[in-house]
Amino acid sequence: MAPPVLLEIDEDGDNLSALLADMLTAHSKLSAIFASNDFLAIAAIRAARQLGRKVPADLSIVGFDGLEIGTMMEPSLATIVTRPKLMGRGAAETVLAVLTGNPPPNPQDKSLSFNFREGGSLAPPRKAEKNDDGKVPASPSSSPTLRKSCDDKTKD
């Protein structure tokens, strides 16, 4: 199993597609991307298509936010849907309780804050590689991080 790759980027620059294409080219065995937000996931789908990779046949992509635009594209975007108002209310109630010397409220049921929305950008798991030892790969924090700025044209 290929080790996980973590790509941290500044999404405000002009060359996001090029950075994603560089990562996909450098890690051709990469089978899935979990993006930190839906816009980045959509950009990853575009970059993969420009390289001739099919989503989800060649590469699965999952976003994080639950933006409605993800339901209107082909394939539809699999994503973690968040409920920012509910999360913000819980955070505000906790801060106010602490500031007033009261015990914090009971934690909200996490299923009320997040849920998974299926989409066509996620394929079923692939069969294990013959050289797969059956162990879970190290978490991304133990993998080398590729830090890129969209305005930085240099490569690591």
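## Val-81 and its partner strand

Val-81 has Asn-115 as its bridge partner in E5. E4 and E5 pair in the antiparallel sense, over four bridges. Two strands pair if DSSP finds at least two bridges between them. Strands (E, at least two residues) and helices (H or I, at least four) are DSSP runs, numbered from the N terminus.

This is a predicted model: local features need pLDDT of at least 70, side-chain atom pairs count only at pLDDT 80 or more, and totals for chains, interfaces and linings use all residues. Residues are numbered from 1 along each chain as its sequence is written, and side-chain values use heavy atoms, with hydrogens and water left out.

## The sheet

Strands of a sheet pair through backbone hydrogen bonds, either parallel or antiparallel. Here four strands form an open sheet, and the pairing is mixed. The order is E2-E3-E4-E5. E2 and E5 are the edge strands, each pairing on one side only.

From one strand to the next, the twist averages 15 degrees. Axes for such angles are lines fitted to C-alpha atoms, for helices over the stretch in contact; angles run from 0 to 180 degrees between N-to-C directions.

Side chains of opposite charge can pair when their charged atoms come close. A salt bridge is a side-chain nitrogen of Lys or Arg within 4 Å of a carboxyl oxygen of Asp or Glu. The count by this rule is one salt bridge. Arg-117 forms a salt bridge with Glu-68; their closest N and O atoms are 3.7 Å apart. Arg-117 lies in strand E5 (residues 114–117), and Glu-68 in the loop between strand E3 (60–65) and strand E4 (78–82), so the pair ties together parts that are 49 residues apart in sequence.

Is Arg-117 buried or exposed? Arg-117 is buried, with a relative accessible area of 17%. Buried means under 20% relative accessible area, exposed over 50%, partly exposed in between (1.4 Å probe, protein chains only). The Arg-117 side chain also reaches the backbone oxygen of Leu-67 at 3.0 Å. That is a polar contact: a pair of N or O atoms within 3.5 Å, where within protein one must be able to donate a hydrogen and the other to accept it, and residues adjacent in sequence count only if both atoms are side-chain atoms. Leaving aside neighbours within four places in sequence, Arg-117 is in contact (heavy atoms within 4.5 Å) with residues including Gly-66, Gly-70, Leu-77 and Val-81.

Rings of Phe, Tyr and Trp (its six-membered ring) pair if their centres lie within 6.5 Å; planes under 30 degrees apart count as stacked, over 60 as edge-to-face and the rest as tilted. There are two aromatic pairs by this rule. Phe-34 and Phe-64 form an edge-to-face pair, 6.4 Å centre to centre with 80 degrees between the planes. Phe-34 is in strand E2 (residues 32–34) and Phe-64 in strand E3, 30 residues apart. Phe-34 is exposed at 55% relative accessible area, whereas Phe-64 is partly exposed at 24%.

Phe-64 and Phe-114 form a tilted pair: 5.9 Å centre to centre, 45 degrees between the planes. Phe-64 lies in strand E3 and Phe-114 in strand E5, so this pair ties together parts 50 residues apart in sequence. Phe-114 is partly exposed, with a relative accessible area of 34%. Phe-34, Phe-64 and Phe-114 form one aromatic cluster.

Thr-100 sits in the loop between helix H3 (84–99) and E5. Thr-100 is exposed, with a relative accessible area of 55%. Its side chain reaches the backbone oxygen of Leu-96 at 2.8 Å. A polar atom of the Thr-100 side chain also lies 3.2 Å from the backbone oxygen of Ala-97.
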